[in-house]
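Morning, everyone. Let's bring the structure up and walk through it.

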Amino acid sequence: MKIMVFMLFALALMQAPRITYGEDFGYDGNTGPTFWSERYRECAGKHQSPININVLHVKQVTLPDITFIGFDDSIDNVHVTNNGHTVLIEVRNEPHPRVRGGPLEGDYVFSQMHFHWGDNDTFGSEDKINHRSFPMELHMVFFKEEYKSVSEAVKHQDGLTVLAFFYEVNVLLFENRLLFIYVPLGLP
Ligand SMILES: *[C@@H]1O[C@H](CO)[C@@H](O)[C@H](O)[C@H]1NC(C)=O
């Protein structure tokens with residue numbers, strides 16, 4: 001199954017939670033997405049966040065496959081943090097997994113991943129497709145290898161790559177029990 005992936009080249013908001021512990025941006029009211037660009041100018045214009053992908057307006061391009069390197073290696077140094085916005089998962093053991101290919105120039109090293117979800121399963125993803133929200137969205141954050149760290153990479157336009165995966169809720173029958181599980185949205 002091919003997984004639906006899109007990439008955000010924006011200077012993503014995920015730097016904010018660490019610094020401010022989750023107070024200064026939200027998902028509704030006067031800290032909601034429509035106000036993000038007032039505090040974070042990177043959220044405006046071509047690098048806006050969040051993104052609504054209108055499938056009628058996207059350009060179809062053919063790209064090489066994205067290669068995932070080192071994701072099957074066992075990991076032994078994982079840090080899971082509740083940073084006030086999300087569950088943040090960081091992997092500290094070396095070498096870090098990485099991605100290359102697709103539209104990327106060079107290698108991008110895995111830094112962290114985190115989830116976006118809602119109060120109920122009718123919404124929760126940060127980004128949307130045709131204004132449709134998904135119950136959960138995973139962001140895998142990578143920094144360009146030559147910049148050596150996220151803090152250096154954020155200073156550069158090509159510093160970060162975020163792979164986003166939308167999830168849907170599936171119902172599964174397992175040992176006579178109904179399980180509700182989040183599954184990455186697949187393409188037929
Ligand atoms: C889901 O949550 C949203 C926002 O709180 C609310 O507007 C909506 O009615 C809820 N839907 C259900 C099915 O509970």
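First, pLDDT: that is the predictor's confidence in each residue, on a scale from 0 to 100. This is a predicted model, where local features need pLDDT of at least 70, side-chain atom pairs count only at pLDDT 80 or more, and totals for chains, interfaces and linings use all residues. Numbering starts from 1 along each chain, as its sequence is written.

Confidence next. The mean pLDDT of the protein is 82. Of its residues, 85% reach 70 or more.

Now the elements. There are three helices and 13 strands. These are DSSP runs numbered from the N terminus: H or I over at least four residues for helices, E over at least two for strands. Strand β7 (residues 98–101) has the highest mean pLDDT among the elements, 96. Helix α1 (residues 15–20) has the lowest, 39.

Over residues 8–22, pLDDT stays under 50. The model still has 37 contacts there beyond four places in sequence. A contact means two C-beta atoms, placed from the backbone, within 7 Å.

Which phi values do we find for Glu 175 and Asn 176? Glu 175 has a positive phi of about 45°, though not a glycine. Asn 176, also not a glycine, has a positive phi near 65°.

Buried or exposed, Glu 175? Exposed, with 5 other C-beta atoms within 10 Å. Asn 176 is exposed too, also with 5. The cut-offs, with C-beta atoms placed from the backbone and counted within 10 Å: buried at 20 or more others, exposed at 12 or fewer, partly exposed in between.
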